[in-house]
Amino acid sequence: MKRIQFRLNTAHQDCDTLLIGVNNSGQLIGSDSTLNSNSELTSAVSTAIADKDLSTKVGSQIMLKNLAGFTRVWFVSLGETEKLSRKAFIETMKKTISGLLETGTNWLYHTLSIATQDSDAAWALYQNALMLQTAQYDYQHPSRGDFTANQNNLDKVTFVGEIENAEQIIGQAQSSAIGMSLTQDLANMPANFCTPTYLASTAEDLGQQYGFTVNILERAQMEELGMGSFLSVAQGSDQPPKLICLEYKGANANDAPIALVGKGVTFDTGGISLKPGASMDEMKYDMGGAATVLGVFKALGELKPEINVVGIIPSTENMPAGNAVKPGDVVTSMSGQTIEILNTDAEGRLILCDALTYAQKTYQPKQVIDIATLTGACIIALGHHVSGIMGNNQTLVDDLLSSGNDTYDRFWQLPLGEEWDEQLKSNFADMANIGGRPGGTITAAQFLARFTKEVEWAHLDIAGTAWTSGTNKGATGRPVPALVDFLKHKVG
């Protein structure tokens, strides 16, 4: 991914393209007041509106050449900014950036970090930097052979405006985007490339690049630790399972870390409880939680915040085979609790529960957050717009909700409670791994809650947000932005 050079409040003489707004009255708006009243620009936009080449409707835009010393001027209609929603702002800016990247724009003078209906200029600056950097993403991995990534000319962006902590805001946005690109690359990669071993080597590469401590546990070590739940999922695959552990040490060594635990099923057939064939190719995305953890760690390596974070990734395939785990089998987790496996396609919780136990016993974290493409029920409940969140500590959940709202990488809280926990009763073990169709997202989290009673814990179900289907199929990189923001606020 090409790294854009972001600059602040510098002279615009060297910039070849101006990005400026138009309100519902046809007036120019932007963070450089001298340009808003520039006679050449105001005359040009008035003519464009009169000629019906530009509308004052939100999202309308036009590019004109050789005005006010710029090779290109990109006029973007934002309507009544005091009524412009976050969604409308983001959609308009994505459309604008897409258009800009199809031109010869090399150095952009950006004046649209402005306050809108429910957001201030700082939020707009963050989103603009994030979108400009994420727009540089283009999947390019061995599966594409001689594929050459789409190139664009944009190298530099100058933001103008008096925004407190602007450099830090841009730094967080750009680091998050760079982390997202790794998350997207790993998730988009076909499962015959992105195996548990590949995820482990990616973690080791990050360790070398940024100085993380990395430890990879192999099957024999997991057997010795008693991870019978995790290994039951792995036993049907020829790919060796990995428990991938990373440590970012940015604070005092005695400070308890925050643990991120990411589900890493690199391909999920459902096992003996086989999934339908339609769209099964998308089950390469079932390691979205693992990819998120690695993406967050890349962002941490870029930002270097003063905080301690550990990442735990249980990774395996879930395959049908003669030695695969069967419905009705009973296994013993690392915690000592026994589990009756009623459905082998509810495998994510089986690998996460042992990883959660390992994280607590090994690192004594002050908080644990697991991230998983865990349930199709979450998609039914929330669609593809927000991720599900549940937890045993409301302050932790509220902090994550706040970061999700601030970054527009949003979560929606679902409940936990004894009523749903009762659905996990088993006649043959301490619990079953499913609780039936009602409340499927909640009972999955309730299962994990049995392994996190002694620590502040939150669960993120990203099944609906980690990737998109259809003609634009691909990983989204979510929820890297929200987690980076959450961790940034934990500094100090």
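1. By class, the lining of the largest pocket comprises 13 nonpolar, 18 polar and eight charged residues, where Ala, Val, Leu, Ile, Met, Phe, Trp, Tyr, Cys and Pro count as nonpolar, Asp, Glu, Lys and Arg as charged, and the others, Gly among them, as polar. This is a predicted model, in which local features need pLDDT of at least 70 and side-chain atom pairs count only at pLDDT 80 or more, while totals for chains, interfaces and linings use all residues. Residues are numbered from 1 along each chain as its sequence is written, and side-chain values use heavy atoms, with hydrogens and water left out.

2. A pocket here is an open set of points on a 1 Å grid over the protein atoms alone, where a 1.4 Å probe fits, with protein on both sides within 12 Å along at least five of seven lines, and lining residues have an atom within 4 Å of a point. The largest pocket holds about 1500 Å³ of space, and of its 39 lining residues Lys94, Thr134, Met180, Gln184 and Thr476 lie nearest the centre. Helix H3 gives the most to this lining, with six residues; helices are DSSP runs of H or I, at least four residues long.

3. The second largest pocket has about 800 Å³ of space, and H11 provides the largest share of its lining, five residues.

4. Helix H14 also supplies at least two residues of the lining of the second largest pocket. Because 10 of the 10 residues of H14 (residues 440-449) are buried, this helix is largely enclosed by the rest of the structure, buried meaning under 20% relative accessible area with a 1.4 Å probe, protein chains only.

Notes. Buried means under 20% relative accessible area, exposed over 50%, partly exposed in between (1.4 Å probe, protein chains only). Grid points are joined across faces, edges and corners, and a volume is the space filled by probe spheres set on the points.
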